[in-house]
Amino acid sequence: MNAMIRLSGYVLICLLVNALTAPLASAITQQEMNDFAASATIKQKVISNFGANSTATIKFILENKSSVPLVPGAGNWEIWFHYARKYEPQIYDGMSLEHVNGDLHVIRPTFGFPGLAPGQKMELFYSHPWDSASTSLFMPRMFITAKNLKPAVFANTDVNDEKAFVLPMMREDQYKRYPHDVISRNTDGVNIWRYERNAEVTASGLTPENAMRRIVPTPRSVKYEDGTVTFGRNIPVTFPASLEKQAEMLRKGLAKVFGEAITLRKVDTLPRNEPGIRLERSGKNEAEGYTLVISNEGVAIAGNDEAGIFYGIMSLLNLLPAKAGSLQLPQMQVEDAPRYAWRGMMVDVARNFRTKEEILKTLDAMAVYKLNRLHLHLTDDEGWRLEIKGLPELTEVAGKRCFDLDEEDCLLTQLGAGPYGDNTGSGYYTTEDYIEIVRYANERFITVLPEYDGPGHARAAIKAMEARYKKYAAQGNLEEANKYRLADPDDKSEYNSAQNYNDNAINVCRPSAYRFMAKVIDEVKYMHEMAGQPLKIFHAGGDEVAGGAWEGSPICKQLIDTPNNGVDSVKDLKKYYLKNVAHIAWTRNLDIANWADGMMYDNMTPFERSEFPVENMYAHAWNNVWEWGAADKAYFMANAGYKVVIDHATHTYFDHPYEPTPTERGYYWAPRYTDTRKTFGYMPDNFYASADYTRPGEPIEDLEALMGRPFEKLHKPENIMGMQGHLWGETVRTGEQYSKLVFPRMVALAERVWHRSDWEGDAPDLDGKKAEWADFASVLAVKELPRLNAMGLKPRVPAPGAVVKGSKLHANVAFPNLTIQYSKDKKTWRTYQDPIEFTGLTYMRSVTGNGIASKVIAIKK
C-alpha cells in the first residue's frame, strides 16, 4: 500500500507550486466523460475500523471498463461523492481528497496521477477518525464532472441499494465499530444472533383466531362474554347529527372491509335493542375515552368526546380483517382511554422528501393506532419543504438539491441526491398540499406540528435568503435584499456542525432573522386556519447548534457589548434567539416546542422558564444515550416547568437499524439497533429501568455509576405530556425504505404510548413483559402486518433466525404465527416445521398468512 499524504499547509503549498509548473493533462470532453461514467465502476470497501487512534481506512476501487483513458497528470475532471463521515484533506497515488461541506467530498487528479487506461484498475486508500460499520454511511450517485461540462453519474452507483457499490464487511475490523464492540455482527453472524434473540421469546398462547380478537393498541379494560355476533354487509349505522363526521369515517372503514355501501341513519333519538351500530356521547369527562359494547343487541360506541368516539370506531375496525363478506365478532365490553395526551410520530421530510401521498398514508396508519400528533420536520440543512408566499426562494432554491456550487439555483447536493434535481433530495409541498395534509389529519383527530429548525440546522433557509439577497441587490434594492437575510457576510466564525456543515447557523444577532421567523409563522398559521385546524404550537427546532457559531460575527460582538440586554457572551445567544422566537409566538397566541438541548445551557441546566412569555413550552428530550450523561434531561426539563415529550433515541428513533449488522439501513449513533420488540419494551414512566445496553452492547447493571452521578428524580410528573416516534431521513430515499423503517415499529410505539401494561413499574415484571410481547408479536403477524399491507404500506416482516447444530438446520421467528419457509434455489419454497438436514447453502424467509415475505437470508454453514 503506497504511503498516504495528509495535506498540511506546507504540503498544500508544495502541491500548488508543482501543479502550476506541471503540464496539465489533456481535457476530457463531455462525450468522453459520459462514456466513462456509463461503463467505469467505482466501489468502496472498508479496510478496517481498528486503525491507530480509532481511524477507519476506506479503499476506493476505480475500474476503467470504458474505452476512454484518463491520462496522467492534473486533468480537468473531478469525482464527487457523498459520505456521512468527514475526511480531512489527503492524497493517495496522485489523487487528492477534500471535504467540501456536509457529506459532499471531491477527489481530484494531481500532477502525480499515474493515469488510468481502459481495462486498468486503481485502488485509493483514505482514512478518517471515525468508524464505518454500515453501508448506509456510503451514499449513491457518485459522479464525475469538469468545468463547463455537465456531471455524469457513475452508472453502478445510480441505485438506491448500497450493495451495488459497497463491498461486504465480513471481518471483525470491518463490521465492528471498535475492538470492544460486542453487539455488531456480519451477515452470517446476525442469522445466529437473530436465532438467539428469537429464542428469548416465550411461546404465545394465542391461536390465530384469538389473535384476531385482540384490539391494538391494547384497551384499558376488555371483558369477553360468551357467544358471538354476526357482522356483515348492509349493517346500519345510527348516529345523532353532531357525530356525522365520525359516522362517515366508520362508513368508509366498513366499506373497505365488506366492499359495499353501508347505510347511515341520522336520527334525533337513538333506538335501542336494534341490530346495527350505534354512535353516541357518553357524558364522561376523561378526554379521548370511549366504551365499545358488542352484544346481541348490536354494537354501541359511546365516546367521552368526539375524539373518543373516533377511537371507539378505530377499535371496532381493528377487530375486522382487511377484507370479509361476513364474520363472527366476539361479544365483549371495552372501556378505554389513553395513557398520554401526546402520542406522536415525527417524519423528517427535509433530508429526503416524502410525497404528500406517503404522508396521507402515514396519517391513516396513525389514526388506526390512535396516535394524535404528526410532527413534520419541514426544514433542515438539506431542504426547505413548504411553500411560503412572498419568499419563493425557499422552495425554488432550497426545495431542490443539485450540483450548483454557487447555490443560486438549488442547494448543494447532499445525501446521495446526485448532481441533478430529479431525486428525493428535491420536492416541496405547495400551500394547497399542506392545507390538504392538515385537513386530512384533522379529520382523523391528529394535530400537525410544523417544525422550522433554527438557529442551527438552518442552512437551507440561509442559502435561500442569500439567493434572495443577491436578486434584490442586483436590482439596487438593498432594503428589500436585507429584509429577511439570515447570514452576516462579515462573520468569520469557524465551526463544524454534527453533520459537518460550516455555514448552517442563522446569525441570531440580525433583526432580519426575527422578521423572517415572523413571516414564516404567519404564513403557516394562515394555512392551518384554512385547513380548519388553528395552529396552537410552533416547533422552533433549536438542536445541535455547533460550538464556535457566532464567535467571529461583528454584529454579535456589538450585541454582546451592548449593556443590559441579557447577552453577556456567545453562550447567551442561543437563549436570546429562543426568547425572540417565543415572543413572536406569544404575540400570536401560540405555544412553542423545541428540542431540549436548544433550551439548556448544558445537560443539567435548563434555561429559566419564567424568561419566556408563552403559556406552554414543550421540550422534546431526545439524547438519552445512557453513557453520555444526558439520560435524565427529560426530568430536568419537567422539573424546571417545561412540558416534556419523551423522544428517547435509544428506543424511538426508527431511522436506526433493526439489527446490528452493516447491511441494515440506518445510522447507529445512539443504539446499534432498535427492533420492534425493543420499542415495545420501553417504559416511559420508568425509563431508567429501560437502560439495557451501552452503545458497544455491554449490559447496564448500574446506571448511576455509568452516568457518573446520581440521576435526576421526577418531581413534576404532570409535566410529562407523552412520547413520540421519529423517522430521520438521511438514509431514506424510497417509499419502501420509509415504510419498512416505520412499520411495524410505530405500532409498538402506539402500544406503549396508549396502554400502560401491568408489567411496567418500579420493579418491572420481566416474565410478564415476555409473555405480553409474545402475544403482541403474534397479533402483529396475524393481523397488523396484513392490515398495513392492505393500506398500501410495505411493513417489514422480520426474517427468521437460523443456526446449524451438528447436521441440522434450526430456525425460529421473532413474531409467533409467522411461517418459516426454506429453499435451495429461491424459487421453490417449502414450509419449515422442525429442524431439517443441512446439505449446504440454504435460503430462508418468514411469511405472513397473506403472503407478505421477509428478506431472504442465506445459511452457508
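Cys 410 has a relative accessibility of 0% and is therefore classed as buried, a term that denotes under 20% relative accessible area, with exposed meaning over 50% and partly exposed lying in between (1.4 Å probe, protein chains only). The structure is a predicted model, in which local features need pLDDT of at least 70 and side-chain atom pairs count only at pLDDT 80 or more, while totals for chains, interfaces and linings use all residues. Residues are numbered from 1 along each chain as its sequence is written, and side-chain values use heavy atoms, with hydrogens and water left out.

Cys 410 is joined to Cys 402 by a disulfide with an S to S distance of 1.8 Å; a disulfide is defined as a pair of cysteine sulfur atoms within 2.5 Å. The torsion about this S-S bond is about -80°, so the link between Cys 402 and Cys 410 is left-handed. Cys 402 is likewise buried, at a relative accessible area of 13%.

Two disulfides are found in a search of the whole structure. Cys 509 and Cys 556 form a disulfide in which the sulfur atoms lie 2.1 Å apart. Here the angle about the S-S bond is 110°, and the link is right-handed. This pair connects distant parts of the chain, 47 residues apart: Cys 509 belongs to the loop between helix 12 (478-482) and helix 13 (511-531), whereas Cys 556 belongs to helix 14 (residues 554-561). Helices are DSSP runs (H or I, at least four residues), numbered from the N terminus. Cys 509 is buried at 8% relative accessibility, and Cys 556 is buried at 0%. When the bonded cysteines of the protein chain are numbered in sequence order, the pairing reads 1-2, 3-4.

Charged side chains were examined next. Side chains of opposite charge can pair when their charged atoms come close. A salt bridge is a side-chain nitrogen of Lys or Arg within 4 Å of a carboxyl oxygen of Asp or Glu, and the whole structure contains 59 salt bridges. One of them links Glu 358 with Arg 354 at 3.1 Å, N to O, and both of these residues are buried. In another, the closest N and O atoms of Lys 176 and Glu 172 are 3.7 Å apart; Lys 176 is buried, with a relative accessible area of 12%, but Glu 172 is partly exposed, at 45%. Lys 389 and Glu 387 meet in a salt bridge of 3.2 Å, N to O. Salt bridges that share partners also unite Arg 194, Glu 659, Glu 664, Arg 796 and Lys 855 in one network.

Key: Helix = DSSP H or I, 4+ residues; strand = E, 2+ residues; numbered from the N terminus.
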